[in-house]
Amino acid sequence: MTRTQVVMLLMSVCQLSIMHGQECPSRQELQNSLRQVHKLLSAHETSYVQSLRTLRKKINLLQTSTARQPAKPTNVTCPKLEAPANGKKMGKVLLPGHEVHFLCDPGYELVGSETRQCKESLTWTGQQPVCKDINECAPSPCVNGGTCENEVNVFVCICAKGWGGATCQTPVPTFFITITNTSAATAAGVAGSAGSAGSAGASVSPPATSSPLVRPSHCTQTQGTTHCTCEAGYTISGRDTSVCTDIDECELFHMGQSGRLCVHTCVNTPGGYRCTCPAGYNLTRDGRNCKDVDECANRQHNCTKDQLCINTYGGFQCVKVECPRIRNATYVKTSPLRCERNPCPVDNRACSQAPNSMSYHYLSVVSNLSAPRVMFRVSAMRMMGDTLRFSLLGGSRARRHFTVQRSDRQTGQLMLVSSVQGPATLEAEVEMSELEKRVLLGRYITKVTIFVSPYEF
Ligand SMILES: [Ca+2]
Ligand SMILES: [Ca+2]
């Protein structure tokens with residue numbers, strides 16, 4: 001009981017007396033009252049001290065018990081996981097119950113767990129995966145004695161002599177020609193050309209070996225039969241067996257079973273042929289196909305610092321991403337390929353109806369792609385409203401090549417509807433709008449630019 005409470009008590013004693021028509025209590029009575037108050041205070045004091053003691057005891061007990069317990073681990077997450085070499089890891093949260101997914105780059109296959117979950121015991125389920133190069137040679141695609149070489153995402157057949165084509169399926173003549181029962185004169189002539197030009201039967205003129213496209217044949221005679229052979233890449237044409245002429249492989253095998261001999265240009269050479277590629281391509285190891293040079297990765301481009309280098313088939317493009325300039329709204333670049341609208345002033349309807357974001361995507365394709373095909377997908381990460389709408393902007397020009405379809409509730413896809421002959425640059429804008437009870441919540445635009453190569457490779 002505080003001093004104020006004591007004074008209040010005395011005052012109330014005095015007031016009570018006045019109310020009952022009595023005078024304030026006498027000195028004796030007051031002293032009695034004060035004694036009572038003292039007693040009351042002492043009782044309170046004892047009980048207060050007692051409860052303090054109990055509290056202290058409890059705190060001491062708690063302190064001892066916590067000291068005995070082992071220290072709680074400070075990290076309540078699973079250990080960090082690394083992405084496999086030649087692959088990706090998706091998912092960053094390392095808390096119990098969360099999952100991490102793994103993906104391999106094209107040409108690699110995942111061995112191990114595709115998904116791992118963080119357990120309550122703070123360990124991961126499954127095994128750390130690895131991305132193994134898919135052995136394209138495993139099904140033994142090269143036939144007729146060809147050797148297969150496994151490369152990332154592709155195999156190359158090194159064919160045995162006499163065979164060609166992507167899987168060595170096409171016979172290339174070895175030009176072993178057997179001539180039987182030929183006339184003696186011709187046989188003598190052949191023999192003469194091979195060695196003694198002055199022999200009696202040299203009625204056939206020696207071959208014009210001045211041209212590298214013409215070579216003498218090699219003939220042997222056994223029991224009246226003459227066998228004439230040519231070097232690889234040459235053949236006996238016509239009746240003159242003493243002369244071998246170069247085979248024009250470019251003409252002969254222009255269109256084989258396995259497609260064109262050369263994907264681009266074929267150059268006939270004495271005894272062989274070679275394929276050439278246009279600028280911006282390198283000849284592949286099989287000597288027939290052309291592979292695009294990635295100028296952006298090889299730093300062979302001349303794009304400035306504020307430009308992005310986009311590799312294309314047969315070249316590259318320098319692009320500059322600039323945020324839209326729209327009246328009533330301003331944009332800020334939030335990543336190299338994305339602009340977002342700054343917050344709008346209150347009640348500025350024109351601003352709030354302007355696109356919330358503008359994303360830019362660049363694709364490189366070869367000429368004459370088959371259509372229809374999906375070129376790009378736009379998906380809503382999370383939905384705030386009850387409806388999503390996808391549409392194609394850009395008028396009839398865009399509609400000539402593209403259409404926009406919905407592939408699921410939250411995804412729209414840009415489809416190429418007609419094949420495009422390159423070189424060409426196509427542009428399309430896909431708008432995704434989000435609505436709640438038919439009221440527009442936001443508009444998100446993805447601008448897709450497609451660079452079509454002049455070639456089909
Ligand atoms: Ca040739
Ligand atoms: Ca290129």
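Which residue in S19 is the bridge partner of Val267? The partner is Arg274. The structure is a predicted model, in which local features need pLDDT of at least 70, side-chain atom pairs count only at pLDDT 80 or more, and totals for chains, interfaces and linings use all residues. Residues are numbered from 1 along each chain as its sequence is written, while chains are lettered from A and ligands numbered from 1 in the order in which they are written. The protein has six helices and 32 strands; helices (H or I, at least four residues) and strands (E, at least two) are DSSP runs, numbered from the N terminus.

**Confidence and overall make-up**

- The mean pLDDT of the protein is 82, and 83% of its residues reach 70 or more; pLDDT is the predictor's confidence in each residue, from 0 to 100.
- Confidence is lowest in helix H3 (residues 184-194), with a mean of 34, and highest in strand S23 (residues 315-319), at 97.
- Residues 174-209 have a pLDDT below 50, and beyond near neighbours in sequence this stretch has 63 contacts in the model. Two residues are in contact if their C-beta atoms, placed from the backbone, lie within 7 Å.
- Of the protein's 457 residues, 19% count as buried. A residue is buried if 20 or more other C-beta atoms lie within 10 Å of its own, exposed if 12 or fewer, and partly exposed in between, with C-beta atoms placed from the backbone.
- Among contacts between residues at least 6 apart in sequence, 45% join residues at least 24 apart.

**Nonpolar cores**

- The largest nonpolar core has 16 residues, of which Phe390, Leu414, Ala428, Val430, Val448 and Ile450 touch the most other members. Such a core is a set of buried Ala, Val, Leu, Ile, Met, Phe, Trp, Tyr and Cys residues joined through C-beta atoms within 7 Å.
- At least two residues of this core come from each of strands S27 (373-379), S28 (387-393), S29 (402-408), S30 (411-416), S31 (424-436) and S32 (439-452).
- Another core, of ten residues, lies apart from it and includes Phe253, Cys262, Tyr273 and Cys290.
- Not counting residues up to four places away in sequence, Leu414 touches Met375, Phe376, Phe402, Val404, Ala428, Val430 and Val448.

**Sheets and hairpin**

- An open, antiparallel sheet of three strands has the order S27-S30-S29. S27 and S29 are at its edges with a single partner strand each, so one side of each has no neighbour in the sheet.
- The twist in this sheet averages 30 degrees from one strand to the next. Axes are lines fitted to C-alpha atoms, for helices over the stretch in contact, and angles run from 0 to 180 degrees between N-to-C directions.
- S27 and S30 run antiparallel and are joined by six bridges; two strands pair if DSSP finds at least two bridges between them. Arg373 has Leu416 in S30 as its bridge partner.
- A further open sheet of three strands, also antiparallel, has the order S1-S2-S4. Strand S1 (87-90) and strand S4 (115-117) stand at the edges with a single partner strand each, so one side of each lacks a neighbour in the sheet.
- Strand S2 (residues 99-104) and S4 run antiparallel and are joined by three bridges; Val100 stands opposite Arg116 in S4.
- Strand S18 (residues 265-269) pairs with strand S19 (residues 272-276) in the antiparallel sense over five bridges. Their hairpin has two residues between the strands, and Gly271 there takes a positive phi near 80 degrees.

**Helix H2**

- The 42 residues of helix H2 (residues 27-68) should span 62 Å at 1.5 Å a residue, and the end C-alpha atoms are 61 Å apart, which agrees. The expected span is 1.5 Å times one less than the number of residues.

**Two loop residues**

- His301 lies in the loop between strand S21 (290-292) and strand S22 (308-312). His301 is partly exposed because 18 other C-beta atoms lie within 10 Å.
- Leaving aside neighbours within four places in sequence, His301 is in contact with Glu295, Cys296, Cys309, Phe316 and Cys318.
- Gly394 sits in the loop between S28 and helix H6 (395-401), and is partly exposed, with 15 other C-beta atoms within 10 Å.
- Gly394 and Ala428 are 34 residues apart in sequence, yet 6.5 Å apart in space, C-alpha to C-alpha.
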